[in-house]
Amino acid sequence: MLLEYKNLKIRNASESDSKQLANWWNDGRVMAHAGFPNGLGTTAEKVSEEIGSDSDDTRRRLIMEADNVSIGEMSYCNRGNKTAEIGIKICDFSMQDKGLGKILLSMLISCLFEQMGYEKIFLDTNLKNKRAQHVYERLGFKRLRVAENSWYDQLGDPQSAVEYEMYKEDFISFLEK
């Protein structure tokens with residue numbers, strides 16, 4: 001996948017991104033919202049192996065760039081029945097709170113619906129992540145349910161998740177035509 005819009009780019013992660021991804025995934029500040037306040041403790045070699053198993057039909061890890069500099073990662077997984085599950089993480093804190101999330105998500109979602117033939121997109125986020133929930137709802141995602149205390153983070157603290165879904169007709173793109 002290679003998507004470009006103004007100064008933004010979404011591209012397939014490659015083995016050359018493994019070190020950057022490992023650095024982000026090992027940073028507890030970046031990973032706390034995902035339940036890993038101590039980071040994942042992974043290696044670039046392991047990340048490289050995981051990227052090597054990606055395919056358009058199953059799962060794809062993606063790199064987001066602004067002005068040709070990596071700022072974060074996205075992913076999509078084929079869940080069958082024309083349903084994709086997506087995730088996004090703007091890992092460069094200086095690039096957060098600039099409205100980029102809704103643009104980058106619009107780029108990915110447009111591609112999944114228009115080019116790849118998906119009919120439904122699913123995602124979830126931590127109940128505490130109000131900023132993400134606001135963005136998802138502005139894009140047209142509908143809240144399915146809140147799973148209270150449904151999992152435990154790395155420190156053993158209970159966490160709750162909000163699950164969302166979107167159908168093509170619900171999508172509100174933030175890309176200028």
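This short talk covers the nonpolar cores and the salt bridges of the structure shown above.

Please note that this is a predicted model, in which local features need pLDDT of at least 70 and side-chain atom pairs count only at pLDDT 80 or more, while totals for chains, interfaces and linings use all residues. Residues are numbered from 1 along each chain as its sequence is written, and side-chain values use heavy atoms, with hydrogens and water left out.

I begin with the cores. A nonpolar core here is a set of buried Ala, Val, Leu, Ile, Met, Phe, Trp, Tyr and Cys residues joined through side-chain atoms within 4.5 Å. Buried means under 20% relative accessible area, exposed over 50%, and partly exposed in between, with a 1.4 Å probe and protein chains only. The largest nonpolar core has 38 residues, and those with the most contacts inside it are Ile 10, Ile 86, Leu 104, Ile 109 and Phe 141. Helix H4, residues 100-115, supplies the largest share of this core, ten residues. Helices (H or I, at least four residues) and strands (E, at least two) are DSSP runs, numbered from the N terminus.

Which residues does Ile 109 touch? Leaving aside residues up to four places away in sequence, Ile 109 touches Ile 86, Ile 121, Leu 139, Phe 141, Met 166 and Phe 171; contact means heavy atoms within 4.5 Å.

I turn now to charged pairs. A search of the whole structure finds 16 salt bridges, each defined as a side-chain nitrogen of Lys or Arg within 4 Å of a carboxyl oxygen of Asp or Glu. One of them joins the side chains of Lys 9 and Glu 65, at 3.7 Å from N to O. Lys 9 lies in strand S2 (residues 8-12) and Glu 65 in strand S3 (residues 59-66), so this pair ties together parts that are 56 residues apart in sequence. Are these two residues buried or exposed? Lys 9 counts as buried at 18% relative accessibility, and Glu 65 counts as buried at 8%.

Glu 65 also forms a salt bridge with Arg 11, where the closest N and O atoms are 2.7 Å apart. Because Arg 11 lies in strand S2 and Glu 65 in strand S3, the pair ties together parts that are 54 residues apart in sequence. Arg 11, at 18% relative accessibility, counts as buried.

A further salt bridge is formed by the side chains of Glu 119 and Lys 82, at 3.6 Å from N to O. Glu 119 is partly exposed, with a relative accessible area of 45%, and Lys 82 is partly exposed, at 47%. Finally, salt bridges that share partners join Lys 9, Arg 11, Asp 17 and Glu 65 into one network.
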